[in-house]
Amino acid sequence: METVSGVFDDLMAFVAVVDAGGFSAASRRFDIPVSRLSRRVTLLERQLGVSLLSRNARKFLVTLDMLAQAFVAQGQAPA
């Protein structure tokens, strides 16, 4: 069972990737291996049962799923 902090880490990885414009850019910006970011986003997608990102070797797209858009908005909202 995933802990609350684990889900939070997964959500933050997703927001970091979207905010940076990709896995490689987020990896460089936050000094986190691409493999770790990818794993965290995949875990979040499994937990939610939805695909948040459409990936290929060259780029990614945020899916049109409203849940993905809501996560980005919440992750970037001022505290």
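User: Quick one to start: is Asp31 buried or exposed?
Analyst: Asp31 is exposed, with a relative accessible area of 71%. For the cut-offs, exposed is over 50% relative accessible area, buried is under 20%, and partly exposed is in between (1.4 Å probe, protein chains only).

User: And what am I looking at, an experimental model or a predicted one?
Analyst: It's a predicted model, where local features need pLDDT of at least 70 and side-chain atom pairs count only at pLDDT 80 or more, while totals for chains, interfaces and linings use all residues. Residues are numbered from 1 along each chain as its sequence is written, and side-chain values use heavy atoms, with hydrogens and water left out.

User: OK, back to Asp31. Where is it?
Analyst: Asp31 lies in the loop between α2 and α3, just after α2. Helices here are DSSP runs of H or I with at least four residues, strands are runs of E with at least two, and both are numbered from the N terminus.

User: Let's zoom out. How do the elements run?
Analyst: From the N terminus the order is α-α-α-β-β-α. That comes to four helices and two strands.

User: How much of the protein is buried?
Analyst: Buried residues are 32% of the 79 residues. The protein exposes about 5,300 Å², and carbon and sulfur atoms supply 57% of that. The areas come from the Shrake-Rupley method with a 1.4 Å probe, and for residues only the protein chains shown count as cover.

User: What share of the contacts is between residues 24 or more positions apart?
Analyst: 42% of the contacts with a separation of 6 or more. Contact means heavy atoms within 4.5 Å.

User: Now α2. Which residues are buried there?
Analyst: In α2 (residues 23–30), the buried ones are Phe23, Ala26 and Ser27. Seen down the axis of α2, they fall within an arc of 105 degrees, so they line one face of the helix. The arc is taken from the directions from the helix axis to the C-beta atoms.

User: Why would residues three or four places apart point the same way?
Analyst: Because an α-helix has 3.6 residues a turn.

User: Why does Ser27 count as buried?
Analyst: Because its relative accessibility is 15%. Not counting residues up to four places away in sequence, Ser27 touches Ile32, Pro33, Val34 and Leu37.

User: And what does Phe23 touch?
Analyst: With residues up to four places away left out, Phe23 touches Val17, Val34, Leu37, Ser38, Val41, Leu53 and Arg55.

User: How many residues has the largest nonpolar core?
Analyst: 16 residues, and those with the most contacts inside it are Phe14, Val17, Phe23, Ala26, Leu37, Val41 and Leu53. The largest share, eight residues, comes from α1. A nonpolar core is a set of buried Ala, Val, Leu, Ile, Met, Phe, Trp, Tyr and Cys residues joined through side-chain atoms within 4.5 Å.

User: Which helices each supply at least two residues of this core?
Analyst: α1, α2 and α3.

User: What about Ala16, buried or exposed?
Analyst: Buried, at 11% relative accessibility. Ala16 is in helix α1 (residues 4–20), and leaving aside neighbours within four places in sequence, Ala16 is in contact with Ala26 and Phe30.

User: Switching topic: how many salt bridges does the structure hold?
Analyst: Two. The cut-off is a side-chain nitrogen of Lys or Arg within 4 Å of a carboxyl oxygen of Asp or Glu. In one, Arg40 pairs with Asp10, the closest N and O atoms being 2.4 Å apart. That pair links distant parts of the chain, Arg40 in helix α3 (residues 34–48) and Asp10 in helix α1, 30 residues apart.

User: How accessible is Asp10?
Analyst: Asp10 is at 0% relative accessibility, so it counts as buried. Arg40 is partly exposed, at 22%.

User: Which residue does Arg29 meet in a salt bridge?
Analyst: Asp19, at 3.1 Å, N to O. Arg29 is in α2 and Asp19 in α1, 10 residues apart. Arg29 is partly exposed at 48%, and Asp19 is partly exposed at 43%.

User: Last one: what is Glu45 in contact with?
Analyst: Leaving aside neighbours within four places in sequence, Val50, Ser51, Leu52, Leu53 and Arg55. Glu45 is in helix α3 and counts as buried, at 11% relative accessibility.
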